[in-house]
Amino acid sequence: LQAQVEAAESLKTDNTKLFEKMRYLQSYNNRAGGGGNAYNRANARDLDLEALEQRYEASVDPFRQFSRAERQRKLQEMSPMERTVYVVAKTVLGTKEMRTFLFFYVLAMHILVFSTTYHWSHSSATGCDVH
């Protein structure tokens, strides 16, 4: 399994490098007056090329690299309990669907507690409790 993961990462890196070479050649053709652009963003509907472009841009951007390295460093400095809380919070709050589910879950629990408290307070106040 580890070999498969390493092979996949290697292929992603290779694809990013190939995309970088493709962009270089396109910019060279544009500077040399080579005519039309082989890679036109408006006509590129291929999601693979878009994903490669995003991966390439992320690998070139030094601010993202620094941010990623700092995030990893801070994550490594956390205690196991803090890391667990961080991962759970990131999972629960990471998507809109999970946040919506959490909101309605908390709302339902509040309604349950309020209705139970209301029921107990009124049933004991009327003397309906028989022990």
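Me: Is phenylalanine 101 buried or exposed in this model?
Reply: Happy to start there, and keep in mind that this is a predicted model. Phenylalanine 101 is found in helix 5. Its relative accessible area is 55%, and a residue counts as exposed over 50%. Phenylalanine 101 is therefore exposed.

Me: How does the pair formed by the rings of phenylalanine 101 and tyrosine 105 count: stacked or edge-to-face?
Reply: The structure holds 2 aromatic pairs, and this is one of them. The ring centres of phenylalanine 101 and tyrosine 105 lie 6.2 Å apart, with the planes at 20 degrees. Planes under 30 degrees apart count as stacked. So the pair of phenylalanine 101 and tyrosine 105 is stacked.

Me: Which helix holds both phenylalanine 101 and tyrosine 105?
Reply: These two residues are 4 residues apart, about one turn of the helix. The helix that holds both of them spans residues 96–125, and its name is helix 5.

Me: What about phenylalanine 103 and phenylalanine 104: are their rings stacked or edge-to-face?
Reply: The centres of these two rings are 5.2 Å apart and their planes stand at 75 degrees. Planes over 60 degrees apart count as edge-to-face.

Me: Which helix gives the most to the nonpolar patch?
Reply: The nonpolar patch on the surface is formed by Leu93, Met98, Phe101, Leu102, Tyr105, Val106, Met109 and Leu112. Together they have about 720 Å² of accessible area. The biggest giver supplies 7 residues, and that is helix 5.

Me: Now to the charged side chains: how far apart are the closest N and O atoms of glutamate 70 and arginine 73?
Reply: Side chains of opposite charge can pair when their charged atoms come close. Glutamate 70 and arginine 73 both lie in helix 3 (residues 62–77), 3 residues apart, or about one turn of the helix. They form a salt bridge, and the closest N and O atoms are 2.8 Å apart.

Me: Is glutamate 77 buried or exposed?
Reply: For context, glutamate 70 is partly exposed at 24% relative accessibility, and arginine 73 is partly exposed at 38%. Glutamate 77 has 57% relative accessibility, and the cut-off for exposed is over 50%. Glutamate 77 therefore counts as exposed.

Me: Stepping back, what pattern does the protein chain follow along the sequence?
Reply: The protein chain has 5 helices and 0 strands. Read along the sequence, its pattern is α-α-α-α-α.

Me: What percentage of the residues in the protein chain is buried?
Reply: The accessible surface of the protein chain comes to about 11,300 Å², and 62% of it belongs to carbon and sulfur atoms. A residue is buried when its relative accessible area is under 20%. Of the 131 residues in the protein chain, the buried ones make up 8%.

Technical notes:
Residues are numbered from 1 along each chain as its sequence is written. This is a predicted model: local features need pLDDT of at least 70, side-chain atom pairs count only at pLDDT 80 or more; totals for chains, interfaces and linings use all residues. Side-chain values use heavy atoms; hydrogens and water are left out. Rings of Phe, Tyr and Trp (its six-membered ring) pair if their centres lie within 6.5 Å; planes under 30 degrees apart count as stacked, over 60 as edge-to-face and the rest as tilted. Buried means under 20% relative accessible area, exposed over 50%, partly exposed in between (1.4 Å probe, protein chains only). Accessible areas come from the Shrake-Rupley method with a 1.4 Å probe; for residues, only the protein chains shown count as cover. A salt bridge is a side-chain nitrogen of Lys or Arg within 4 Å of a carboxyl oxygen of Asp or Glu. Patches are made of residues with over 30% relative accessible area and no salt bridge: like charges are joined within 9 Å, nonpolar side chains (Val, Leu, Ile, Met, Phe, Trp, Tyr) within 5 Å.
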